[in-house]
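Biologist: I would like to learn how to read a structure with several chains. Could we go through it feature by feature?

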Amino acid sequence: MNTGFKIDCIGYGLFAAFVLLVMPWMVDFSGYELNSYARYLALGMVAAALALSWGTAGILNLGQALTFGVGAYIMAMHLKLRASESLPGGMPDFMGWTNVEALPWFWQPFHSLLFTLGAGVLIPVGIACLLGVFMFRGRITGVFVAIITLSLMLAVQLWIISEQRFTGGENGITGLAPLNLFGWSVDTYELSFYYLVAGCLLAGLAVGLGLVRSKAGLVLRAIKADPERVRFFGYDVARYETLAFATSAGIAGVAGMLYALVLEFASPTYMGLSISLAIVIWAAVGGRESMVAAALGGIGVNMAEGRLSDLFFDQWTLMLGVIFIAVVLFLPRGIYGLVATARDYLEARYTERVAMALNREQDDAARPVADRGEVK
Amino acid sequence: MKRRDLLKGVAFGGVAGAVSLSGFPGIWTGRGTVLAASGDIPVGVLFSQTGAVAVVESTLHDACMMAIEEINDNGGINGRMITPYVEDPASDPATFADRANRLVRRDNVISVFGSYTSASRQAVLPVVEGQNNLYWYPTLYEGRECSRNVMYGGAVPNQQQQDFVPWLKENFGGRFYLLGNDYVYPREENNVCRMILDEIGGEVVNEEYVPMGHDSFSSIVSRIRRDEPDVIFCTLVGDSDVAFQREYRSAGLDPDRMPVASLTRSEVEVAAIGGDAAAGHFSSAPYFMGHESAENERFVEAYLRKYGDDQVTHFVNEAAYFQVYQFKAAVEALNGEELTPTAIRDAAVGLRFQAPQGEVEIDANLHTHLWPKIAQWQSDGQAEVVVESDERMAPEPYWAYEGQVCTANGLENA
Amino acid sequence: MEAWVNEIFIGISLASILLMVAIGLAIIYGTMGVINLAHGQFVMLGAYGAWLLQTQYGVSIVVSLPVVFLVVGLVGFVVERTIIQRLYHRPLDTILATWGIGIVLEQLVRNVFGSSSRYVARPEFLEGGYIILGAHASSYRLFIIFFSLGMLAATWYLLFRTEFGTKLRSVIQNTEISECYGISAKRVYALTFAYGAGLAGIAGALITPLVSVTPTMGTSLVVDAFLVVIVGGVGSLVGTAASALMIGEATAWLSYVLNDTTGRILILLGVIVLIRFRPQGLFPDTVRR
Amino acid sequence: MAALTLDALTVKFGGLVAVDHLDLQVRDGELRCLLGPNGAGKSTTLDLICGKTQPTSGRILLGNQDITNLPEFKRARAGVGRKFQTPTVFKDLTVIENLEVGRSSEPGILTTLRVFRSPVRGRMKEVLGLVGLENEIRTRAENLSHGQMQWLEIAMLLMQDCRVILMDEPTAGMTVQETSQTASLLRELRGDHTMIVVEHDMTFVREIAETVTVMDQGALLSEGSIEAVEADPAVREAYLADTGDEAHA
């Protein structure tokens, strides 16, 4: 438990330095790229959220984009209402076109910023809790979890597209007002906005790391290895799995809210099949075992995508495909695996040297350390 | 992880690292392709080359690039070359926004030509409006938008339907079956269609939407068989349109008694449907490949020569083509004044250009006056124009909304 | 009455397409535990194969099937040998690798053939249709129904009545013991994967007259096929057929009574409930362990 | 008083009756050995007690509490611990992490979310000493020897501090020396914990057993001291009928 804690802190610190200093430095702390980078951070955050459920608890959520998208829609609803204040009934334009008489009740509370911010976390968490209880009480695991989460996401996406009167349909919710955060009008191209996103990402990671490094996280890692065995120690496995699943959903919800802010619209493609699989791939490239590594994977792949698409135009998809295959084949634990293996190797060498030194000192006077596994 | 894997991994990571570190950090921000020489005119070209929408959008890209090349080959605009900055938004709205951002904010283009779907246009809007740039959008769309930063080159509902719906009622009867993909455009077109039908005494027997990309139409065809409408008023796009028309054919329905009247079907879809299955049905659009005019002959000939005989021109890539010439005319009209997106926009209003479909004109509301046509598809995959408007039709993006007018000052409520 | 018969026929017809696409997937998933997300792209390759043969050499779809089967099978073989083979002990990772393979195949096809949507004509002798019990049945759809049953039967025969099938089943049961008896597990797996890919190719060629042929056509197919395989039960051919039929009929009826969107949403929710309460599938396990 | 009572416990798998109206009482602090030929239903009985398998009929009482219909984790909380035949420790976790998972007196999320350290003192230290793993606390379980893994699992059960420990062949795969160390470990635990041990190794059984229960074909065959059981003709017959490897019993 506390073994990995120090290493976590170092990793987290380095990551924070990268996000807070190096990335803005790369663009001289200004310019439109900050907006792109903020977008990458939001995507890195959702990759980290997936790593929490997948890497820690072994729950492969192929519908991670569902809660991400829900978060984005929640933020967009608030901003749309603010943009529609001057329209008849304060109703979004797309509702007026489809002859909606009055603002529907489930839109009403999104006038409030506080409600919106709370809902952006709690609604995804609520969805995940319900789905988690539904699945994990039935001891659904592995590929079945993947299929269920994927199917649910596709169903919700279809529903959102078809209920155009209330959701904006295929176009999503567009034409948003800028966010006014307690008097601070957010400009998404400013350094301050970038730091807002970075702060949320680091906070989300801190929450996740806290969970992973607590005893609850230890139990989750045990569940990943052998859920059956954990039950016989008296842990309610379904509840633990739901905990990881819901925390992951909450972080994804925040990431979604930020994403809608960055792009200034919400679209049903945010909860689509391709982004969901992309999230899995980002986490795999970075390393699913560590949230920080997964976030780095999300940021790195998207940065690379931005660059490759610039250099190689439409052939970048081909290159990305090849890179993914190569990572899966040669780096099964992602980039994190490289670091971890190197670390373990060094650690083993060090222990070996210490042990040898000890042996020499003790010589025949004492029995070798390795033989001491005896019952008194 | 085994030792051998580790070594492989290190090698792999090392190469990736070496690539990414060279020129750090500039490599993350600079542009790969050639920068515009001073004096050149930078424009963005933003059509998907990959992803689901690439089927249509790649042809818009081709037409747009051809126009740019033609202009440059003929000495550019007032001697200045157009430098196209090309991006591939991969059919994804979020990527559209990101790439538009790059074009407008990094490459400092003074106009962007791009996109096919409404969703992608709306994704780009915050970017071009935020920077007061100019977006040339060639596609027919649902109207009721009045941005001062978008040049709308395609038809809006009144331009496609005002002549078409009464003509259909006259020739086939007034019982319409409305069928479309589930998104903004079909719903709005059907809304307009209902209004026209109300006015002229027709009726809607059914109105139905299927998800984008949906390709099994058996149930719908059996419902059509049940309802026996006079006209199937169709706003399906892409794969759905193809699958539907083939299903219609194999179900043995008769185009003479129950034709499909489409607002979205162009030569692209017909090529995929197959001429036999499409023959006898109707489309309404301002342009068809088979339209007879000297300008069109030149356009089609040049296009096929450049991109191959199996390609087609259609009402969206025609607009993608002529919009570049409208841009050229606007820049010429500025006559050496400073080139800014707003100046180009203001200079473009009222300009006329002899497009392949006929002489088009840009309205003060930034939409385009077009020449509506009704055509019947033939088994060779071409459309034969059966009705041709004798005057340019004005674009009224808020036609269906009483009291709302799109003017040079933006949306006005009367 | 007519409407009833009609909907039943439509359901069977949808089921036959699902089945064609799903059989190959079921074989690969059932025997090797590989979740092959590139399956849709194998289908797409088959469709392009049929298109190429028709436009270049004027070959009808039906005639092109053996060529398509062999070529796509060969692609599958190469993919298995170079990539999948290294992943048998990490089944969930195959999701990632095969998704990457899918991306690569899609882009390669786009590079070679372009993004346009392609047209393939149905064979002339399958034009037209029949009236059965008052319902309209197109001959091509009837053909596909029978062909898919044929594929099912051939696969069953291959698995349970041939030496290769025996070897395959013994490898699935116990790889080590089989190897002691001189069966090369690697070879058996590679051939099975190739066979599954070949079936996908055939399915792709046969659906060309119904849908449009584009580089992106595979993605939506693979999701549906996967639902069919999982609902049917891992490794069970009968289960795959039954679940294809169930989903096909449910789609037909729900889209007839309600509409296509609601129908699809309900199917997805139904699949979720089925998996939750019957994760072993409709007909669990006849081949695997 | 009985720590554990089985009352006409029966389970059928399809047509096969794996455990057939089994009655069993184990005293508090007793070390009970469960013997029987292959397929006698010994492991299944343990599965039934710990909740891995649900009985078809009959009751299981832990003290006075009826645990027949409780899910596994609630039985564990009530005080049933299980050691499996092959050592089932968490191989990716270190020794101390395994033990921390084992320390499950407060298994609720609200508690575990607030625990961040597992200091080696008190009970943890004691147990580590008992099984001789105090020098391996940072070793990942997969790097332990087979015998150490078995002890680790026993140690986890000790951390769990359960009233009744069910052990399925705790010496399987151990060397002679390791086996005798295990025997002395079990003797030490006797009294504080109630234990049911399934074992084939008769030498080991003789070393530890007080009372022995013999099962055959799912039913109780004989019960008593080791000598009495070995003298029972029914037991001899059952083992002779079994062509398996325990004929020496």
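**Sheets, helices and contacts**

Modeller: Strand β3 (residues 31–35) and strand β9 (residues 211–216) of chain D pair in the parallel sense over four bridges. Strands (E, at least two residues) and helices (H or I, at least four) are DSSP runs, numbered from the N terminus, and two strands pair if DSSP finds at least two bridges between them. This is a predicted model, in which local features need pLDDT of at least 70 and side-chain atom pairs count only at pLDDT 80 or more, while totals for chains, interfaces and linings use all residues. Residues are numbered from 1 along each chain as its sequence is written, and chains are lettered from A and ligands numbered from 1 in the order in which they are written.

Biologist: What is the bridge partner of D:C33 in β9(D)?

Modeller: Strands of a sheet pair through backbone hydrogen bonds, either parallel or antiparallel. Here D:C33 has D:V212 as its bridge partner.

Biologist: Which strands form the open sheet of six in chain D, and in what order?

Modeller: The order is β6-β7-β8-β3-β9-β10 in chain D, and the pairing is mixed. At the edges stand β6 (80–83) and β10 (219–224) of chain D, each with a single partner strand, so one side of each has no neighbour in the sheet. Direction ignored, neighbouring strands of this sheet are turned by 20° against each other on average. Helix α6 (residues 146–160) of chain D packs on the sheet and touches β6 and β7 (164–168) of chain D. The direction of α6(D) makes about 175° with that of β6(D). Axes are lines fitted to C-alpha atoms, for helices over the stretch in contact, and angles run from 0 to 180 degrees between N-to-C directions. Two residues are in contact if their C-beta atoms, placed from the backbone, lie within 7 Å.

Biologist: What is the order of the open sheet of four strands in chain D?

Modeller: That sheet runs β2-β1-β4-β5 in chain D, with antiparallel pairing. Its edges are β2 (16–27) and β5 (65–66) of chain D; each has a single partner strand, so one side of each is left without a neighbour in the sheet. Helix α1 (residues 42–50) of chain D packs on this sheet, touching β1 (2–13), β2 and β4 of chain D, and its direction makes about 70° with that of β2(D).

Biologist: How many bridges join β1(D) to β4(D)?

Modeller: Five bridges join these antiparallel strands, β1(D) and β4(D). Within β4(D), D:R59 is the bridge partner of D:D7. Strand β4 (residues 57–62) of chain D is also joined to β5(D), by two bridges and again antiparallel. There D:L61 stands opposite D:D66 of β5(D). The hairpin of β4(D) and β5(D) has two residues between the strands, and D:G63 takes a positive phi near 65° in it.

Biologist: How do I read a pair of packed helices?

Modeller: Two packed helices are described by the angle between their axes and the distance between the axes. In chain A, helix α3 (residues 64–83) and helix α11 (residues 237–263) pack at an angle of about 50°, with axes 6 Å apart. That makes α3(A) oblique to α11(A); angles under 35 degrees count as roughly parallel, over 145 as roughly antiparallel, 65 to 115 as roughly perpendicular and the rest as oblique.

Biologist: Is the crossing of α3(A) and α11(A) left-handed or right-handed?

Modeller: The crossing of α3(A) and α11(A) is right-handed. A crossing is right-handed if the near helix is turned clockwise from the far one by less than a right angle, and left-handed if anticlockwise. Among the residues that meet are A:F68 and A:I74 in α3(A), and A:V254 and A:Y259 in α11(A). The contact of α3(A) with α11(A) divides into 14 nonpolar, six polar and no charged residues. Ala, Val, Leu, Ile, Met, Phe, Trp, Tyr, Cys and Pro count as nonpolar, Asp, Glu, Lys and Arg as charged, and the others, Gly among them, as polar.

Biologist: How many residues do chain B and chain A each give to their contact?

Modeller: Chain B gives 39 residues and chain A gives 39 residues. On the side of chain B that touches chain A, the elements giving two or more residues are α1 (3–21), α3 (93–106), α4 (118–130) and α7 (184–200) of chain B. By class, that side of chain B has 19 nonpolar, nine polar and eleven charged residues.
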